[in-house]
Amino acid sequence: MNSKYSDLLNTLIKAYYNDTFDKTLDNLITCHEKSPQETFEIITSLCGVTVPFDNNYKYNLKKAITRYTANKKIVEKLKSKCSDDCLTDENGKFQCQICCPFDAIFYDNNEKITKINDSLCESCGKCIDACKDGKYLDKVEILPIIDLLKNNKTVIACVAPAIIGQFGPTVTLDMLREAFIKIGFTDMVEVAFAADILTIKEAFEFNKHVNDPKHDLMITSCCCPIWVGMLKKVYHDLVKDLSPSVSPMIAAARIIKNINKDAKIVFIGPCIAKKAEAKEKDLIGDVDFVLTFEELNTIFKSLDIHPETLNGIPSKDYVSRGGRLYARTGGVSKAISDVIEEVYPEKFKFLKTAQVHGIKDCKKILQDALEGKLDANFLEGMGCVGGCVGGPKALIPANQGKVFVDNCAFDSAIKMPLHSDTTEKILESLGINSIDDFNNPQKGEILHREFK
């Protein structure tokens, strides 16, 4: 979401919560700064849906929110003309074209506007931040989520490990848990619990796939949809080395729904691309909605909820140090290498990890891997500089986020996922009673993803 629309979104949220949506829509369309059509186009995007502007626009918009269905297209370009002020590149490219890491934005000479090639777009959101005129928007699912909270008994907020520190230096996970319950969620769960489980699986995958330390390679598929997207679309020859695992977000959703089939899942993180990941064909239905930290902050402000003033609702420790470290560059490697050292000590002797962050460095190391120049047998990559703490919708700088994550992780009572009673019970509920059970495709199916 472009920051210039935050006040408008705030108005829409309050109206939907207070059942004054019809009147608010009338006022917004009547008192528009732009044309009614463009104003409505912005409103529908902020509502997370696509609805044509006609005489029944209010009814159709409310129906679309209530009957919200997943749409793979996350980032959209308004049809209005781009400003010539954005033409700063010597090759005549607009800022949005320059920043796009996938060359997914092109200029339509007939219509005189920039457009998105949806087959190339990975919904990273770089164009949204680059466009100062607010011509690019990502689908905001706040109003469908509010509708979900009003009409479902069990809605779980699954928060990314990067959330610690985002809403203030004194705001604890327990305080955030209370804030989510105040919004209307049934409960809040750390996605790091699923990262712990995937850490064990990735250690197993390393043992399975890396037998020749100099020539074999395992690329972890955890966390970053941009990293996975680059492999699938640009560096396809390396897909054979990509670990067949879902992300912690997907694993958490699947596990919770395995325990409670009526549960609805809302993932909260710093990443726009997670919205697209939730809508991948082989993953659709696992996560019901995705909120960014920025969008969550808007909800807090709209409903006058201040996490820093809350007492907090405590929960017992169930997440390890490693699971929480997934939030920053190198955290995945650290977590998995610790488990490899404990479970496969002979393999640990020749484990050699490499980590990169940021689109430029990700591309370089993948090219090195293609050309056989990589001096490592375990590769971790994250599309944002700093990892998830550097996501486009984080609320604090990446370096600050890393400090909060590290402090939270190293304060964890549980140091290794294999030492967590909760992790052990969850694995048992999945029929996984030992690490060798990961050899059984049926037992590990809930954590598995096939890349083609």
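Visitor: By class, how many nonpolar, polar and charged residues does the lining of the largest cavity have?
Guide: This is a predicted model, in which local features need pLDDT of at least 70 and side-chain atom pairs count only at pLDDT 80 or more, while totals for chains, interfaces and linings use all residues. Residues are numbered from 1 along each chain as its sequence is written, and side-chain values use heavy atoms, with hydrogens and water left out. A cavity is a set of points, on a 1 Å grid over the protein atoms alone, where a 1.4 Å probe fits but cannot get out, and lining residues have an atom within 4 Å of a point. With Ala, Val, Leu, Ile, Met, Phe, Trp, Tyr, Cys and Pro as nonpolar, Asp, Glu, Lys and Arg as charged, and the others, Gly among them, as polar, the lining has 18 nonpolar, three polar and one charged residues.

Visitor: Which residues lie nearest the centre of the second largest cavity?
Guide: This cavity has a volume of about 90 Å³. Its lining has ten nonpolar, two polar and two charged residues. Of the 14 lining residues, the nearest to the centre are C100, A104, C121, C124 and C127.

Visitor: Which element gives the most to the lining of the largest pocket?
Guide: A pocket is an open set of points with protein on both sides within 12 Å along at least five of seven lines. The largest holds about 740 Å³ of space, and E190, S315, K316, Y318 and R324 lie nearest its centre among 35 lining residues. Two or more residues come from each of α8 (173-183), β6 (187-190), α11, α18 (398-410) and α19 (421-429). With four residues, the element giving the most is β6.

Visitor: From which element does the largest share of the lining of the second largest pocket come?
Guide: The volume of this pocket is about 400 Å³. Among its 22 lining residues, E41, E76, K77, L78 and K79 are the closest to the centre. Elements giving two or more residues are α3 (36-46), β1 (75-77) and β3. The largest share, five residues, comes from α3.

Methods: Grid points are joined across faces, edges and corners, and a volume is the space filled by probe spheres set on the points.
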